[in-house]
Amino acid sequence: MSPEMLAYPFLFIAIFFESFILVTLLSKPARAARERSAAGMGDTALPSVAVIVPCYNEAATVAATCDSLLALEYPKDKLEIIFVNDGSTDATASVMARYAEHPQVRIIHKENGGKHTALNAGIAATQAELIGCLDADSFVEPDALSEIIPCFVGAEVAAVTAAMSVHNPKSILEHMQNAEYLFGIAYRHTFASVNSLYVTPGPFSFYRRDVVEALGGFRHGHQTEDMEMALRLQQEGYGIENAPRARVYTKVPTTIATLVKQRTRWVTGFLRNILGEYRSLIGNRGRGALGMLVLPSAIISVGSGILLFFLMLYTLLHSTLTAIQIRTGIPLSYTLLPHGSFDWFYFPANFLLVLSMSTLLVSFIFIMVGKRVSKTPGKLALGLVSYTFLYGFISPLWLMRATTDFAFGKQRSWKS
Amino acid sequence: MSLVTRNALIALGITIALTGTVAYAINYLNQARVTELSAIEDQLALDTLSLDTQFSLLEAAPCESAASSTTLTDKLADLGNRLSYTEDQFGSDNPQVIRLKEQYSLLEIRDYLITKQLAKACHTKPMIVLYFYSNGTDCSDCDKAGYALSYLRNTYPTLRVYSFDYNLDLGALQTLIAITKVKDSLPAFVIDGKTSYGFTSLTDLEKQFPKGSLPLTTATSTPKP
């Protein structure tokens with residue numbers, strides 16, 4: 001059996017999953033979600049909202065975050081902004097102090113206890129009907145909240161997520177992440193239509209305060225408190241919606257090392273939550289697409305990402321070493337020049353390559369759908385190129401690190 | 001039926017249809033390659049017969065058919081490249097590949113014989129290499145030897161290399177092996193009538209050629225399949 005045969009089952013699953021997303025994206029609930037509009041909601045019908053911004057050493061970005069929140073198009077008397085200084089050791093407190101007199105802003109200082117404790121401190125300080133979270137390195141569009149509110153259509157909807165993209169991507173790595181985030185917009189929008197979201201990301205996710213309090217507030221959640229809360233909501237039978245046009249921009253890691261650290265934390269948190277306390281959701285028919293498709297596929301994708309990487313590495317190394325071995329002793333003037341002719345006959349089409357290209361092509365379609373649905377500005381070319389050539393080489397690094405951490409129970413600090 | 005079940009079934013249908021279409025398209029492309037190879041081989045068989053006939057007709061001036069021989073050899077080289085690529089795609093144990101290689105080997109032997117006849121009639125001395133290889137595990141140096149011969153053929157256009165899969169079950173080839181007394185220690189080379197075994201380096205291979213036998217002139221060559 002050739003090594004590439006190992007890739008076929010995973011490619012089949014990937015194509016099936018992408019097809020499922022595509023079909024669901026075109027189904028009635030997703031179409032209805034796209035057509036949902038904030039128009040018609042009078043000011044009196046709007047709920048009171050508190051946006052909590054947990055801050056730990058965010059002096060460089062917290063002012064811009066605050067400015068973007070104050071620019072939200074929402075009745076001033078129904079929107080409060082709560083900054084929670086989680087024991088910062090930099091100038092965060094003094095930057096916050098500049099907004100202390102603003103009637104919409106409240107500031108809480110506390111001992112450092114982690115993001116979940118900061119969120120809980122903010123929740124305890126408000127009586128707003130809806131609470132939102134915004135990481136202190138993120139910024140929102142003025143109409144983002146207006147897009148979020150109509151998603152709380154039924155009492156069963158306990159949370160609503162926004163559409164994240166990268167704030168002003170400059171480097172190749174940032175463009176790669178932007179393409180990935182746009183992909184995320186498409187699949188979050190799709191998963192929400194079949195209530196299968198299992199993360200309510202830090203940037204601009206909203207919750208019903210009474211539900212969060214009834215569930216006991218945020219927990220440490222293996223350093224992924226947003227995922228843990230979403231899984232707890234799903235386990236308790238609540239719905240999580242998505243507002244694809246509620247645009248929020250976040251800052252992303254600018255080096256491979258910091259990106260790998262961030263993603264290791266996410267994936268380790270996912271594995272620990274889903275294979276620990278929330279294992280009962282996997283394969284649970286009562287949870288529909290989430291239990292039967294989304295969570296199993298997410299787990300398989302961790303393993304397949306590692307396996308396909310090693311397969312690719314083996315194939316690449318094997319062919320390179322063979323080529324070097326064969327060419328040893330032959331003058332470079334011959335070995336370095338291409339030989340042969342351009343002819344359809346030599347078109348290198350094989351089953352593995354064409355299937356891989358198909359999955360990549362569908363990924364491109366989702367990235368473009370994500371951009372279009374969210375109306376996110378900016379160009380995609382660099383994102384698509386970097387996503388194609390970088391993502392497959394970098395993502396296995398955090399997948400392997402996270403899997404190892406999970407297997408050996410290794411604990412890391414937030415930033416290591 | 002729930003929306004999720006319905007969508008999952010549609011997605012499964014799309015997946016099966018897509019993978020089936022890809023498998024069909026790849027198979028169709030491969031069959032098109034085989035068809036093209038067969039067509040080239042048929043044409044070459046015709047050309048070979050034509051050259052044979054031309055050679056007989058021009059008994060008084062046999063060297064008139066030398067140009068046709070060169071064209072034929074060039075076509076044979078192109079066929080060899082395509083066959084080699086097809087063998088990589090299909091695998092060397094594929095029945096269609098084996099059939100094409102048998103036909104190719106026959107054409108090579110015919111071209112080899114015509115070249116020798118022309119050389120005798122025209123009093124020329126072309127440098128001919130008979131190269132015997134194997135795709136099995138019994139020849140770890142065959143790929144290196146094949147590449148070195150490709151380099152020599154490219155560098156010395158007058159060199160004629162005829163490559164044969166030693167294990168091919170073909171009567172004419174087995175007769176050639178018997179005549180040249182090549183043993184199953186591969187790779188094996190018959191250069192200027194002398195047999196040698198094994199491949200160590202390009203330099204050592206070049207030493208097996210008679211001095212001055214590799215002039216850098218007009219191209220006439222046949223590749224390894």
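**Figure 1. Strand S4 of chain A, covered on both faces.** In this predicted model, strand S4 (residues 130–133) of chain A has buried residues on either side: A:Leu130 and A:Gly132 lie on one face, and A:Ile131 and A:Cys133 lie on the other. Strand S1 (residues 49–55) of chain A pairs with S4(A) through 4 bridges in the parallel sense. Within this pairing, A:Gly132 of S4(A) has A:Val51 opposite. S4(A) is also joined by 4 bridges to S7(A), and these two strands run antiparallel. Here A:Leu130 has A:Arg208 of S7(A) as its bridge partner.

Figure 2. Helix H9 (residues 225–235) of chain A has 10 buried residues out of 11, so the helix is largely enclosed by the rest of the structure. Just after H9(A), A:Gly237 adopts a positive phi of about 90°.

Figure 3. Leaving aside residues up to four places away in sequence, A:Val53 touches A:Thr65, A:Ile81, A:Ile82, A:Phe83, A:Val84, A:Leu134 and A:Ala136.

**Figure 4. Helix H1 of chain A.** Helix H1 (residues 7–25) of chain A has 19 residues, which at 1.5 Å a residue should span 27 Å. The C-alpha atoms at its ends are 27 Å apart, in agreement with that expectation. Of the 19 residues of H1(A), 14 are buried, so this helix is largely enclosed by the rest of the structure.

**Figure 5. The contact between chain A and chain B.** Chain A contributes 28 residues to the contact and chain B contributes 28 residues. On the side of chain A that touches chain B, H1, helix H11 (288–327) and helix H13 (351–374) each supply at least two residues. H1(A) gives the largest share of that side, 7 residues. Sorted by class, the side of chain A that touches chain B has 18 nonpolar, 9 polar and 1 charged residues.

**Figure 6. An open sheet in chain B.** The sheet has 4 strands in the order S2-S1-S3-S4 (chain B), and the pairing is mixed. Strand S2 (160–165) and strand S4 (194–197) of chain B are at the edges with a single partner strand each, so one side of each has no neighbour in the sheet. On average, neighbouring strands of this sheet are turned by 20° against each other, direction ignored. Strand S1 (residues 128–133) and strand S3 (residues 188–191) of chain B run antiparallel and are joined by 4 bridges. B:Ile191 in S3(B) stands opposite B:Val129. Helix H4 (residues 142–155) of chain B lies across S1 and S2 of chain B and runs at about 160° to S1(B).

Definitions and conventions: Residues are numbered from 1 along each chain as its sequence is written. Chains are lettered from A and ligands numbered from 1 in the order in which they are written. This is a predicted model: local features need pLDDT of at least 70, side-chain atom pairs count only at pLDDT 80 or more; totals for chains, interfaces and linings use all residues. Two strands pair if DSSP finds at least two bridges between them. Axes are lines fitted to C-alpha atoms, for helices over the stretch in contact, and angles run from 0 to 180 degrees between N-to-C directions. Two residues are in contact if their C-beta atoms, placed from the backbone, lie within 7 Å. The expected span of a helix is 1.5 Å times one less than its number of residues. A residue is buried if 20 or more other C-beta atoms lie within 10 Å of its own, exposed if 12 or fewer, and partly exposed in between; C-beta atoms are placed from the backbone. Ala, Val, Leu, Ile, Met, Phe, Trp, Tyr, Cys and Pro count as nonpolar, Asp, Glu, Lys and Arg as charged, and the others, Gly among them, as polar.
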